[in-house]
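Here are my notes on the model, jotted down while going through the backbone and the helix packing. Have a look at the structure first, then see the points below.

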Amino acid sequence: MSTIHAAVMTEPGTIELREFPKPTIGEDEILLKVERTGICGSDKHMFAGHMKLQFPIIAGHELVGVIEEMGPKASQQMAIVGGPIAVGDRITTTPSSTACGKCWYCLHMPQRPTLCSDRYVHGFVSSDVAPTPRGGFSQYMHLTNRSWIFKIPDGLSSEIAVLTEPAAVATRAVERALAPGIPHIAEGLGMDKSVLVLGAGPIGQLVVATLAHIGTDLIIASDLSESRLQMAHQMGAHQTFSAAGSLEDRLAAVQQMTQGVGPDIVIETAGVPIVFKESLDYVRRGGIVIEVGHFTDPGGVEIHPNVVCFKDLDIRGMWAYPAMQFKTALSFLKNTKAPLDKFITHRMSLAETAQGIDVTGSEGSMKVVIEP
Ligand SMILES: [Zn+2]
Ligand SMILES: [Zn+2]
C-alpha cells in the first residue's frame, strides 16, 4: 500500500511529519492532491494552545489542490460550484462541511450556515477520527460527501487561489458593512464612504483590497508595522497611520482625514481586545463597526456601553462566512487589480510547517504558504 505524508500537530507546540496510508475514497467522495496550503492566524493560535480542540490535528484550511480520484457518485452528492468537475481539475474546498439542515439554526437561520451545530471543519478535526487526512498540511486530503467544492476559474493561478479562504473572510467583512445599506441616505457602505481598517495583517490587507475593488472613496489603514502600512498602500489604502501614537493623537489624525466627523465604517481585523474598544472611539455617530479579528479569545477589555447608545452604533460580528462566500472570494481574486503576488512572502515544504507557523505574523511576513 502506498503511503503519504502529513504534518501532524500532536499537541500545541509540536508538529511531526507522519506517514499515513493513501486514503481510499467511497463512491461519493474525492481524493484531493494538495498543491498549496496557506498558514492562517488561527493555525498559529492552535499551535500556541489558544483553542480547545481534540489533538492530534492535521491543520490547514486554506488550500488548493487537484482532484486525483473521484467516486462515480461524488458529483451527485457534493455541493459543487463552478463545475462540473472531473479528475485533474483544480479546486478549493471550504473548511466547513455542508450544514446538517436539521438543527435549530439550520431550520431557523439557513442563511447563516456557520451557526449549524452539526458540521465539521477541515483543519480542525482530530486525525484519529476517520476519514483522515482532513487538513491541508498533507500531501492528500479525503473529501467526504459533505464537502463544498469550488472549481478554480480559468485565468486564476493557484498561487493566488490559495488566498480564497482569507479572501472569503475579507469580502464577508465588507458585505457585513454593506447590508442592509441605503447608501445614498448615508446608511450602510456606499462607494462614497470612508472606511477605517484596524490591523494590516493578511485579513486587513484583503479587506483593504476588497474595499478598493468596489471603489470605496476613502480607505484608511492602521497598524504598528511600517512595512505593513506600505503594503496597505499597495493594496489600495489612501491614507495610513501608525497605531503606535497616543489614542488622542490617532483620533485627531482620523478626524482630520474625515472632515472632522470620523469614518462611516470601522473594520477591526487586529484581534486585539483594546483595538475593538478603539473601533468604538474612531467610528462616527450613526456608524458601523465590524468585528472580524477575534476568532479566538485573547481576553477582554473595558468599554463604556454609553458610547454604543450615544453614537447610535451598529456593531456586527461574524463567525467565518457562508460557504457560498468562496464564489465571491474567487471572483474578487480573479478581478482585483491589487498586486496580490506581493502578498505571499514565504513558500515552504511540508516538513517546514512548524517554522512556517513561527514566521507567520512576524515583521516582514504576510502570507506563508506550504507546498506539500
Ligand atoms: Zn484562515
Ligand atoms: Zn445544522
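1. Let me start with Gly299, which sits in the loop between β13 (288-291) and α10. Helices here are DSSP runs of H or I with at least four residues, strands are runs of E with at least two, and both are numbered from the N terminus. Gly299 counts as exposed, because it has 8 C-beta neighbours inside 10 Å. The cut-offs, with C-beta atoms placed from the backbone, are 20 or more other C-beta atoms within 10 Å for buried, 12 or fewer for exposed, and partly exposed in between. The C-alpha atom of Gly299 is 6.8 Å from that of Pro273, 26 residues apart along the chain.

2. A word on what you're looking at: this is a predicted model, where local features need pLDDT of at least 70, side-chain atom pairs count only at pLDDT 80 or more, and totals for chains, interfaces and linings use all residues. Residues are numbered from 1 along each chain as its sequence is written, while chains are lettered from A and ligands numbered from 1 in the order in which they are written.

3. Most peptide bonds are trans, and most residues other than glycine have a negative phi. The Phe55 to Pro56 bond is cis, with omega near 0°, and Pro56 lies in the loop between α1 (41-47) and β4 (62-70). Gly83 and Pro84 are also joined by a cis bond, omega about 5°; Pro84 is in the loop between β5 (79-81) and β6 (90-93).

4. Gln259 isn't a glycine, yet has a positive phi of about 55°. You'll find Gln259 in the loop between α8 (247-257) and β12 (265-268), and it is exposed, with 10 other C-beta atoms within 10 Å. Asp312, not a glycine either, has a positive phi of about 55°. Asp312 belongs to the loop between α10 (305-310) and β14 (314-317) and counts as exposed with 9 C-beta neighbours inside 10 Å.

5. Last, how do α5 and α6 pack? Helix α5 (residues 164-178) and helix α6 (residues 202-213) are at an angle of about 55°, axes 8 Å apart; axes are lines fitted to C-alpha atoms over the stretch in contact, and angles run from 0 to 180 degrees between N-to-C directions. The pair is therefore oblique, the class left over once angles under 35 degrees (roughly parallel), over 145 (roughly antiparallel) and 65 to 115 (roughly perpendicular) are taken out.
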